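Biologist: I'd like to go through a few labels on this one with you. Can we take them one at a time?
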Amino acid sequence: MTATPFSAAPKTKPKRRFRAPKGGLWIGLGVLVLAIVAVWFFFLRGDEKADPYRTEAAATGEIVSSVSASGTLEALVTVEVGSQLSGQVTQVLVDYNDRVRKGQVMAVLDPQTQRSSVEQSAASVQAAQASVAQQQASVALAQAEYDRQKFLFDRGIVAQAALDTASASLRTARAAVRAAQAQVAQQQAALRSNQANLGRTTIVAPIDGVVIDRQIEPGQTVASGLNVAVLFTLAQDLSRVQALINVDEADIGSVKVGQPVRFTVDAYPNDTFTGQVTRIRMLPTAESNVVAYTVEAEAANPGERLLPGMTANAEIILSQQRNVLRVPNSALRFTPAGMTAQTGAQRGGAQGGQRAGGQGGQRGNMAARIVEELNLDAAQKAKVEPILQRAQQTARASRPQGSGAAGGQRQGGQGSGGRRNPAMAAAFNAAFDEIKPLLRPDQQTKLETLRSQFAGGGGRGVVWVLRDGKPVAVPVRTGATDGSYTQITGGGLKAGDQVITGGGPRAVNAAAQAQAQRRVGGVGGLGGGAGGPPPR
């Protein structure tokens, strides 16, 4: 028996199974990638696509400083026509918007009562005149009796008593004549009064004007008492109107008679009307604890388009300077990213250089410099120089203790350390007000510029000019502003310079950037670990 050899089956190695990573690990890897992208985008990508600088050329223009307020329009002269009598209206001869002439009949009251009074007074006058004639006859009789008694007395026929009686009778008759004459005058006065009342039954226009209101109709009864009944309202001349502007107490100190006024009305929003301040009423008005004063401004009314009662949105022009160098206010507020400290150093260096330069002598004698700037003639110098010298002496007397000559006399009324000296500013402001009437119009404009420099309103600042694609700081002296633009009175800025108003690279926080870089480094380490082979 042959045995069949047994062959064992070949052994197979078990297959190694690959474990897929868990879902949480993939989510973590996705979050890390997003974090890396966000850090790069916000902190490390640089400023290749930074906003360009926004610039505007420094140019000459107009600087207008004004006070805005509202008010109402009224006619220059408004007359209320009333009646001094009571009675029934029989006729009304004018209507709204009618033009009337002085003396023109506008309405008629029933005259019957007044006419009767006139007739009665006329009869009384005639009676009084008859009484005078009667008393004059008595005087003639008494005079004859006195003459007879005097004749007899002179011949010793009658006694003294008879002569005295005749003399008394004569005097009594003469007194009666005077009384009768007074009665005539009294009755004549009553007649004139009643005639005047009869005339008042006809209502006439007291002025030339336009009827803007009518309060009566035919058949209406007018009752006149302590208050005169108003029948018509007349506007004398609507070719000119006045605006009653309510100015807040904080601004009323800047408003002066003669200042120009510009205003608009809702009826003509695209038209601007001009006028002039004519009066500032001293009576205050208070509403909701806000005190205001009424400013009267007179304006022309071409075509009589402006009507009484319209609301005027007004601007009172405090100062108006033409052809002055100006820049946008945003240019004075702008500072390039990362250059704040540099700005202060440049500003200090520029100002320090100016103070240390040859201008110290001019600042020490501000009066002489003002005279030179105004280009005065000999007659003007003789009047202006003493005024400025007094102001300069007052300014020196008000200088703080321990301040140097230059420190106490800095332009713009600044004391030591750059602090403004209010007493100095007040002294030169008062001097400028005193000499302004002595100057020509062109000199007055220059004076207002000097006022902003020497007596308050002037200041210092820095604008950034774009030169060769880079911002350069330029120190300037500033003057008046209208809220949008500021006048440049001095410094290194010239017309045509492109001042920067915004834009440019964004500011980068160095600490945040360093921290972000560290975070990216840590993420890279995690990424390296995570990028290895999956765990077995």
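This is a predicted model: local features need pLDDT of at least 70, side-chain atom pairs count only at pLDDT 80 or more; totals for chains, interfaces and linings use all residues.

Biologist: Why is the pair said to link distant parts of the chain?

Modeller: Arg99 sits in strand S5 (residues 99-100), while Glu304 is in the loop between strand S14 (290-300) and strand S15 (311-328). They are 205 residues apart.

Biologist: Why is Glu304 called partly exposed?

Modeller: Buried needs under 20% and exposed over 50%. Glu304 has 28% relative accessibility, so it counts as partly exposed.

Biologist: How do you know that Arg467 and Asp497 meet in a salt bridge?

Modeller: Their N to O value is 3.8 Å, and the cut-off is within 4 Å, so this pair counts too. Arg467 lies in strand S16 (residues 459-467) and Asp497 in the loop between strand S18 (485-491) and strand S19 (498-504), so the contact ties together parts 30 residues apart in sequence.

Biologist: Are those two partners buried, partly exposed or exposed?

Modeller: Asp497, at 16% relative accessibility, counts as buried, because the limit for that is under 20%. Arg467 has 37%, so it is partly exposed.

Biologist: How many salt bridges does a search of the whole structure find?

Modeller: It finds 14.

Biologist: On to the helices. What makes H2 and H3 roughly antiparallel?

Modeller: Helix H2 (residues 112-154) and helix H3 (residues 160-200) pack at an angle of about 165°. Angles over 145 degrees count as roughly antiparallel, so H2 and H3 get that label. Their axes are 7 Å apart, and the crossing is left-handed.

Biologist: Last one: which residues make the nonpolar surface patch?

Modeller: Leu93, Val105 and Val204 make it, with an area of about 200 Å². Val204 is found in strand S7 (residues 202-204).

Note on methods. Residues are numbered from 1 along each chain as its sequence is written. Side-chain values use heavy atoms; hydrogens and water are left out. Patches are made of residues with over 30% relative accessible area and no salt bridge: like charges are joined within 9 Å, nonpolar side chains (Val, Leu, Ile, Met, Phe, Trp, Tyr) within 5 Å. Accessible areas come from the Shrake-Rupley method with a 1.4 Å probe; for residues, only the protein chains shown count as cover. A salt bridge is a side-chain nitrogen of Lys or Arg within 4 Å of a carboxyl oxygen of Asp or Glu. Helices (H or I, at least four residues) and strands (E, at least two) are DSSP runs, numbered from the N terminus. Axes are lines fitted to C-alpha atoms, for helices over the stretch in contact, and angles run from 0 to 180 degrees between N-to-C directions. Angles under 35 degrees count as roughly parallel, over 145 as roughly antiparallel, 65 to 115 as roughly perpendicular and the rest as oblique. A crossing is left-handed if the near helix is turned anticlockwise from the far one by less than a right angle, and right-handed if clockwise. Buried means under 20% relative accessible area, exposed over 50%, partly exposed in between (1.4 Å probe, protein chains only).
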